[in-house]
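Here is a briefing on the packing and pairing inside one protein model. Please keep the structure in view while reading.

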Amino acid sequence: MPLFKVGEDIPDYFTKPQWFIGRVKHCHEKKAAALLEHIGVEYFLPVQTVKRKWSDRTKMVDVMILPRYIFIHCKNAERVHILENVRSITGFMMDHDLDRAATIRDKDLDTFRRMVDYDDIPVIIDEHNFTPGDRVLVKYGPLMDRECELVEVSNKKCIAVSLGVLGSARI
């Protein structure tokens with residue numbers, strides 16, 4: 001734990017719950033979610049129902065949007081407790097620029113949740129962060145009244161939400 005000078009404000013990162021990005025063992029996302037729920041920790045597991053076609057049938061299946069990752073809402077100090085009690089979680093994604101565990105802003109995760117919950121349009125995860133562009137306020141659709149970043153990908157205009165070191169989700 002870093003030391004702070006007397007009278008100096010302690011950053012929110014150390015005092016308030018943040019959305020951390022937990023790394024999960026292969027195919028253990030739902031198990032990790034169940035264990036987090038059991039110990040009373042808030043989490044978000046981005047799952048989307050998509051249509052899959054085989055040679056003999058078509059079926060709707062649940063697909064992890066970010067395989068091997070789960071978003072966990074807790075205080076920085078609680079991460080050790082989570083690692084000790086949820087064996088499916090192997091660690092937390094790091095932000096090497098800040099030399100600490102990566103976090104995602106509450107409003108960005110809330111917007112990402114809205115994207116995931118809107119089943120008609122698949123969410124695409126870009127591994128690269130977009131260069132900051134114009135911020136837009138969405139007027140209609142699942143992201144109505146949300147501020148997002150307007151980007152252009154392959155000559156198509158998209159809306160993107162930053163997921164920190166994970167990259168961006170776009171719709």
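Which residues does F112 touch, not counting residues up to four places away in sequence? They are F44, P46, I65, L66, F71, V123, I125, V161, L163 and A169. The model is a predicted one.

**Aromatic pairs**

- The count of aromatic pairs comes to four.
- F44 and F112 form an edge-to-face pair, because their ring planes stand at 90°, with the centres 5.9 Å apart.
- F44 belongs to strand β2 (residues 42–44) and F112 to helix α4 (residues 106–117), so this pair ties together parts that are 68 residues apart in sequence.
- F44 counts as buried, because its relative accessibility is 9%.
- F112 is buried too, at 0% relative accessibility.
- F71 also pairs edge-to-face with F112, at 5.9 Å centre to centre and 70° between the planes.
- F71 lies in strand β5 (residues 69–74) and F112 in helix α4, so the parts tied together here are 41 residues apart in sequence.
- F71 is buried, with a relative accessible area of 1%.
- Through these ring pairs, F44, F71 and F112 are linked into a cluster.

**Nonpolar cores**

- The largest nonpolar core has 20 residues, and F71 and F112 touch the most other members.
- The most comes from α4, which gives four residues.
- Another core lies apart from it and has 18 residues, among them V24, L36, L45 and I89.

- Strands β3 (residues 47–53) and β4 (residues 58–64) run antiparallel and are joined by seven bridges.
- Within this pairing, Q48 of β3 stands opposite V63 in β4.
- How many residues does the hairpin use to join β3 to β4? The hairpin passes through four residues.
- In a regular strand, side chains alternate between the two faces of the sheet.

**Charged side chains**

- Side chains of opposite charge can pair when their charged atoms come close.
- The structure holds two salt bridges.
- One joins the side chains of D56 and R57, at 3.0 Å from N to O.
- D56 counts as exposed, because its relative accessibility is 60% and the cut-off is over 50%.
- R57 is partly exposed, with a relative accessible area of 43%.
- R57 also lies over the face of W54, at 4.8 Å from the ring centre.
- The other salt bridge links the side chains of R105 and D108, at 2.9 Å from N to O.
- R79 places its charged end over the ring of F92, 5.2 Å from the centre.

**A buried loop serine**

- S88 sits in the loop between α3 (79–85) and β6 (89–92).
- S88 is buried, because its relative accessible area is 3% and the cut-off is under 20%.
- Leaving aside neighbours within four places in sequence, S88 is in contact with R23, V24, K25, H28, K31, A32 and L35.

Notes:
Residues are numbered from 1 along each chain as its sequence is written. This is a predicted model: local features need pLDDT of at least 70, side-chain atom pairs count only at pLDDT 80 or more; totals for chains, interfaces and linings use all residues. Side-chain values use heavy atoms; hydrogens and water are left out. Two strands pair if DSSP finds at least two bridges between them. Helices (H or I, at least four residues) and strands (E, at least two) are DSSP runs, numbered from the N terminus. Rings of Phe, Tyr and Trp (its six-membered ring) pair if their centres lie within 6.5 Å; planes under 30 degrees apart count as stacked, over 60 as edge-to-face and the rest as tilted. Buried means under 20% relative accessible area, exposed over 50%, partly exposed in between (1.4 Å probe, protein chains only). A charge sits over a ring if NZ of Lys or CZ of Arg is within 6 Å of the ring centre and within 35 degrees of the ring normal. Contact means heavy atoms within 4.5 Å. A nonpolar core is a set of buried Ala, Val, Leu, Ile, Met, Phe, Trp, Tyr and Cys residues joined through side-chain atoms within 4.5 Å. A salt bridge is a side-chain nitrogen of Lys or Arg within 4 Å of a carboxyl oxygen of Asp or Glu.
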